Amino acid sequence: MNAAFRSSLFKLLDKLPSKLGYFIYHQLQRLTPEDISKKVKANQHSYDVIQRIIQSTGLNLTGSKIIEIGSGWMPLMPYLLHYQGGAKEIFTYDLNHHYNRKQIFKLNAFFEQHLGIKILLESDEYGLPDFVDYHPNTNLIEADLPNEANFVFSRFVLEHVRPEDILRMHQKLNNDGSDDLHIIHLISPSDHRAYNDPSLSLLDFLQFSSTEWKRIQTKFDYHNRLRLPQYLNIFEQAGFEVLFEEHTGLDSKSKQFQLFKQLHIHSDFAGMTEEELCAGAINVLLRKKK
Ligand SMILES: C[S@@+](CC[C@H](N)C(=O)[O-])C[C@H]1O[C@@H](n2cnc3c(N)ncnc32)[C@H](O)[C@@H]1O
């Protein structure tokens with residue numbers, strides 16, 4: 001779906017009564033088997049990133065209890081964390097209610113056929129195996145969290161959360177989590193419209209004032225546009241230290257760098273270096289300050 005069409009579609013859905021808008025949005029998210037294969041591959045990559053970060057700091061997922069912020073459409077990360085990482089239980093929370101039994105049945109069939117892992121559809125509403133504890137329609141900020149969790153993680157969620165809520169979320173994790181709780185976030189801070197339109201810069205949205213950006217986006221594609229130092233400030237403010245941080249940058253010979261150089265960055269982002277503005281694919285590991 002091209003970027004302009006996608007934006008117009010979201011604008012249209014945003015004008016409908018919320019229930020109807022979300023219903024159509026969910027129908028559009030229905031997956032074909034090829035989509036499942038692509039999603040498994042992408043989540044496998046994220047799982048490998050998480051394992052690399054965790055192992056580099058001497059930690060281990062085996063037998064752990066993990067909180068996922070933002071379950072999304074399928075229990076893909078919970079499956080990988082359990083079957084490959086040996087995690088004991090995954091508590092997964094989402095503001096919305098995207099899981100459904102039919103999709104989970106398809107995902108289980110894919111795991112059996114392609115990965116040789118047999119997951120039986122259970123008798124509960126979603127058919128989930130008992131190591132996945134799903135909490136739909138639940139804002140993590142207001143949830144009753146399991147206090148024995150060892151890890152919290154999110155994948156491509158924080159960029160869609162309002163800055164003040166990212167702070168509240170981390171203050172809550174600091175208050176309610178155990179002293180050795182570790183948090184991993186995989187953050188995609190780029191302009192998502194550019195994923196569907198290679199002529200757009202990944203930093204295109206930095207041209208706009210916040211009022212202009214509010215006019216362009218909808219509740220279906222909200223992006224906070226926070227830059228790397230702003231995320232790090234929020235984590236620090238909530239009482240966390242950054243044990244590990246990595247991000248990608250723009251190669252000065254790439255077409256993306258040329259596109260970036262043509263932009264007039266809005267004064268809201270003044271004072272940041274080129275590296276700070278362009279930092280993409282941010283991965284962080286946080287721990288409570290001692
Ligand atoms: C872009 S999706 C990513 C989903 C999934 N992690 C993935 O990688 O496919 C972001 C998800 O985070 C959820 N979300 C955003 N803020 C949240 C919050 N405060 N508590 C729980 N879920 C949240 C949204 O409802 C949405 O399903």
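The legends below describe close-up views of a predicted model.

**View 1. Two domains make up the division of the protein.**
Domain 1 covers 32-141 and domain 2 covers 156-290. Their centres, taken over C-alpha atoms, lie 24 Å apart. The contact between them takes 11 residues from domain 1 and 12 residues from domain 2.

**View 2. Helix α3 leads the domain 1 side of the contact.**
This helix spans residues 33-56. With five residues, helix α3 gives the most to the side of domain 1 that touches domain 2. That side holds seven nonpolar and four polar residues. No charged residue belongs to the side of domain 1 that touches domain 2.

**View 3. The ligand sits in a shell of 17 residues.**
G70, G72, L95, L140 and R155 come nearest to the ligand. By class, the shell divides into eight nonpolar, six polar and three charged residues. Both domains take part: domain 1 (32-141) and domain 2 (156-290) each supply at least three residues to the shell.

**View 4. Seven strands form an open sheet with mixed pairing.**
The strand order is β3-β2-β1-β4-β5-β7-β6. β3 (132-135) and β6 (240-248) are the edge strands. Each edge strand pairs on one side only. From one strand to the next, the twist averages 15°. Pairing of strands in a sheet runs through backbone hydrogen bonds, either parallel or antiparallel.

**View 5. Strands β6 and β7 pair in the antiparallel sense.**
Strand β7 covers residues 280-288. Seven bridges join β6 and β7. Across this pairing, E245 stands opposite V284 in β7.

**View 6. Helix α4 packs on the sheet.**
Helix α4 spans residues 76-83. Its contacts are with β1 (65-69), β2 (89-93), β3 and β4 (151-155). The direction of helix α4 makes about 165° with that of β2.

**View 7. E164 lies in helix α6.**
Helix α6 runs over residues 163-176. Is E164 buried or exposed? E164 has 10 C-beta neighbours inside 10 Å. A residue with 12 or fewer is exposed, so E164 counts as exposed. In sequence, E164 and H97 are 67 residues apart. In space, 23 Å separate E164 and H97, C-alpha to C-alpha.

Terms used:
Residues numbered from 1 in each chain as written. Predicted model: local features only at pLDDT ≥ 70, side-chain atom pairs only at ≥ 80, totals over all residues. Near = placed C-beta within 6 Å. Nonpolar A, V, L, I, M, F, W, Y, C, P; charged D, E, K, R; others polar. Domains from an automatic or database assignment. Contact = placed C-beta atoms within 7 Å. Helix = DSSP H or I, 4+ residues; strand = E, 2+ residues; numbered from the N terminus. Pairing = 2+ DSSP bridges. Axes fitted to C-alpha atoms, helices over the stretch in contact; angles between N-to-C directions. Buried ≥ 20, exposed ≤ 12 C-beta atoms within 10 Å, placed from the backbone.
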